[in-house]
Every structure is written in structure tokens, then in C-alpha cells.
Amino acid sequence: MIRKIIEIDQEKCNGCGICAQACHEGAIGMINGKAALLREDYCDGLGDCLPACPVGAITFVEREAAAYDEAAVKESKRQLSGQGQLSSKKELSDKEQPSGRSQLRQWPVQIKLAPLTAPYFQGAHLLIAADCTAYAYADFHQDFIRGKITLIGCPKLDGVDYTEKLAEIIKRNEISALTIVRMEVPCCGGIEHAAVTALKMSGKFLPWQVVTISTQGEILA
């Protein structure tokens, strides 16, 4: 159908990520350090992201696009809320979540070493994280690893493209949801791009989110 939808000028985009935070539907994400429209059917065409962009990189266009799917957006939010939202420290007591205890549920964790299929993948909320995130973010085990199956890597240092392997893992196993954790530095865009592309290649519809950690150890998005 022909409808109004956003368009992001990659030349103007400075990669700040403000538009992704402003998009309540989850239609916008960060790929290779730039904002991108990840799902046309999540874009409602109302443009909450337009005034948020500090460089004017977002505009409206009318073109052939998938219809806005409000039900799919609500379901995605519901599943993310139930399966992968970050736990609030204020809601957790020390007795419920003892500090210093590893939350790792499987081995190996390196993407390069992980098998394509394994029992622990079935029904798992999959965490794909850049190596440095666990060092930068103090409560990484409690806020990210807890309750998930963890895969880590660094596309810059490993010198490999994880996309095809991640796509096969998602395709061959009953993954329930996906969380991607990356650093704010540009080179970390590689792991986000690999994970998002792998999800698309798998042909599966899963709730997913990207969390960005600053070099000061704070959650940016």
C-alpha cells in the first residue's frame, strides 16, 4: 500500500540514537552507528522521531510500504516486557539477587565456539553481547545475563562476520527473544548489524531490543 512513512538520510545522521529512543513502536534501531528503519510495519507514520532528530535527518515520504501493524507492536512490547526487560535495582533485594554470583547458564559463550544447536537454546532468551560490555557495565550479570543464554564476540578483533552463524542458531532453535548489548563506540555496530541481519535472515518474528552502553558504563538506549 502507498502510505506516509519516515525516511532517514544516512548522510545527515550523526548516530546519536535519540530517534530510536523517541520511537515508541520500536521501528527505528541503530545499525553500524547510524539510525535505520528496521520494520516498516512498526512505523505508525506519526513522526515522534522527527522533532527528536537534532540534525534534521528524518523526513516523511509517501511510498509503497507495509501497513502499520498495531497488534504486532503491542505483542512485541508485551513479550519484551515479560521476557527481557532490564530488572530495576530498586525492585530487587540483596537476598533475592546475591551480588557476586555468576548468572552464566551455559558454556562456551564465544560466538565462534558456540554450537549451531544445543538443548539450552530451546525456548531461550538469547543475549548477544560485545565483549567489552561486561567490563564497562558493573551489574552485567544481574541485569543482562540473568535468565538468558549468552553469546559474546568482538567483530573487530575476531575478524569474522557472525551473521550466517547467528542466523543458523536462530533458525534451528526455538529462540523466544533476542537482546543485543553493544558499546557506544562505532566498531560495536558490527555485532548489532550481524545480530539484526541474522534475525531477518532466519525468517522468524521474535521480540528483540538493542541496549547501548557508554564508555562510562551507563545505559544509553
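Helices (H or I, at least four residues) and strands (E, at least two) are taken here as DSSP runs, numbered from the N terminus. The model is a predicted one, in which local features need pLDDT of at least 70 and side-chain atom pairs count only at pLDDT 80 or more, whereas totals for chains, interfaces and linings use all residues. Residues are numbered from 1 along each chain as its sequence is written, and side-chain values use heavy atoms, with hydrogens and water left out.

On this basis, the protein chain contains seven helices and eight strands. Of its 221 residues, 45% are buried (under 20% relative accessible area; exposed is over 50% and partly exposed in between, with a 1.4 Å probe and protein chains only).

T133 is buried, at a relative accessible area of 0%, and its side chain reaches the backbone oxygen of A130 at 2.6 Å. Beyond its neighbours within four places in sequence, T133 is in contact (heavy atoms within 4.5 Å) with F140, V181, R182, M183 and I213.

R182 leads on to the salt bridges (a side-chain nitrogen of Lys or Arg within 4 Å of a carboxyl oxygen of Asp or Glu), of which the structure holds six. In one of them, the side chains of R182 and E192 meet at 2.8 Å, N to O. Because R182 sits in strand β7 (residues 177–183) and E192 in helix α7 (residues 189–202), this pair ties together parts that are ten residues apart in sequence. R182 is buried at 4% relative accessibility, and E192 is buried at 1%.

Technical notes:
Polar contact = N/O pair within 3.5 Å; in protein donor to acceptor, adjacent residues only side chain to side chain.
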